[in-house]
Amino acid sequence: MNVTVFGATGAIGSLTVTELMEHGHQVTAYVRNPAKVPASWGDRVRVVVGEMSDQAAIDSAVAGADAVVSALGPSMDRKATGLPLVTGTGHILTAMTHHHVRRYIGHATPAILDPHEKPTPVTRLIRFLPRTFMRRAYDEITGMTGQVMRSGLDWTVVRFIAPKDTPKQDRVRVGFFGTDKLGFPVSRADIAAFTAAQVDDDTYVGRAPAISN
């Protein structure tokens, strides 16, 4: 499949690109800074450079895709301003509609509930902390994800709490709060592998599974 990845040079995004290529997919990477493009990609990845405000560049990146992966996440910098990823996600969804692309896989935290979940002590905590201490980041992740869930597309949102720079683990837990046993830490490598696997798997269409080790 042809897969367009946003946030492709980030810690999880770059691992996701690698996973997708290992699965035999063709990847288009949308990047802000071409200097961050890994040399290991060589000519195997089509690179489109642009800001999240550049609707034309985003449209170009989505053209020809069978699926879109967003590994975008809000900046934790307290000096950051505005909600650029909310605007950018809107441009992605518009481009997907324009080019008749149905499949979208994105990332969030349990501050966002799966449509079939009820709040639990964990989800309340994960919602309370950023809403109280990192309000801009909270508004951005909820604004991004809300658009996706209302889009009518075949979306999946992968949620996680505490990503770590550790190798893939032997055991990965996937499920929903209130019904499944889930932990906090999770390897970024496992997030990337699970994200890439959703491209051609419809198990979690319209759902927001949480992942942990």
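Me: Are Glu117 and Arg159 buried or exposed?
Reply: A residue counts as buried under 20% relative accessible area, as exposed over 50%, and as partly exposed in between (1.4 Å probe, protein chains only). Glu117 and Arg159 are both buried. This is a predicted model, in which local features need pLDDT of at least 70 and side-chain atom pairs count only at pLDDT 80 or more, while totals for chains, interfaces and linings use all residues. Residues are numbered from 1 along each chain as its sequence is written, and side-chain values use heavy atoms, with hydrogens and water left out.

Me: What do Glu117 and Arg159 form with each other?
Reply: Side chains of opposite charge can pair when their charged atoms come close. A salt bridge is a side-chain nitrogen of Lys or Arg within 4 Å of a carboxyl oxygen of Asp or Glu. Glu117 and Arg159 form a salt bridge, and their closest N and O atoms are 2.8 Å apart. The labels S and H stand for strands (E, at least two residues) and helices (H or I, at least four), which are DSSP runs numbered from the N terminus.

Me: How many salt bridges does the structure hold?
Reply: There are eight salt bridges in the structure. One of them joins the side chains of Asp139 and Arg135, at 2.9 Å from N to O. Asp139 and Arg135 are four residues apart in helix H5, so about one helical turn separates them. Asp139 is partly exposed at 27% relative accessibility, and Arg135 is partly exposed at 44%.

Me: Which parts of the chain do Arg188 and Asp165 link?
Reply: Arg188 is in helix H6 and Asp165 is in the loop between strand S7 (162–164) and S8; these are distant parts of the chain, with the two residues 23 apart. Their side chains meet in a salt bridge of 2.9 Å, N to O. Asp165 counts as exposed, at 70% relative accessibility.

Me: What does Phe6 touch?
Reply: Contact means heavy atoms within 4.5 Å. Not counting residues up to four places away in sequence, the residues that Phe6 touches include Tyr30, Met52, Ile58, Leu72 and Ile92.

Me: What is the relative accessible area of Thr16?
Reply: The value for Thr16 is 0%, so Thr16 is buried. Thr16 has its place in helix H1 (residues 11–22). A polar contact is a pair of N or O atoms within 3.5 Å; within protein, one must be able to donate a hydrogen and the other to accept it, and residues adjacent in sequence count only if both atoms are side-chain atoms. A polar atom of the Thr16 side chain lies 2.8 Å from the backbone oxygen of Ile12. Leaving aside neighbours within four places in sequence, Thr16 is in contact with Val69, Ala192, Thr195 and Ala196.

Me: With which side chain does the side chain of Thr28 make a polar contact?
Reply: The partner is the side chain of Arg46, at 3.3 Å. Thr28 sits in strand S2 (residues 26–31) and counts as buried at 10% relative accessibility.
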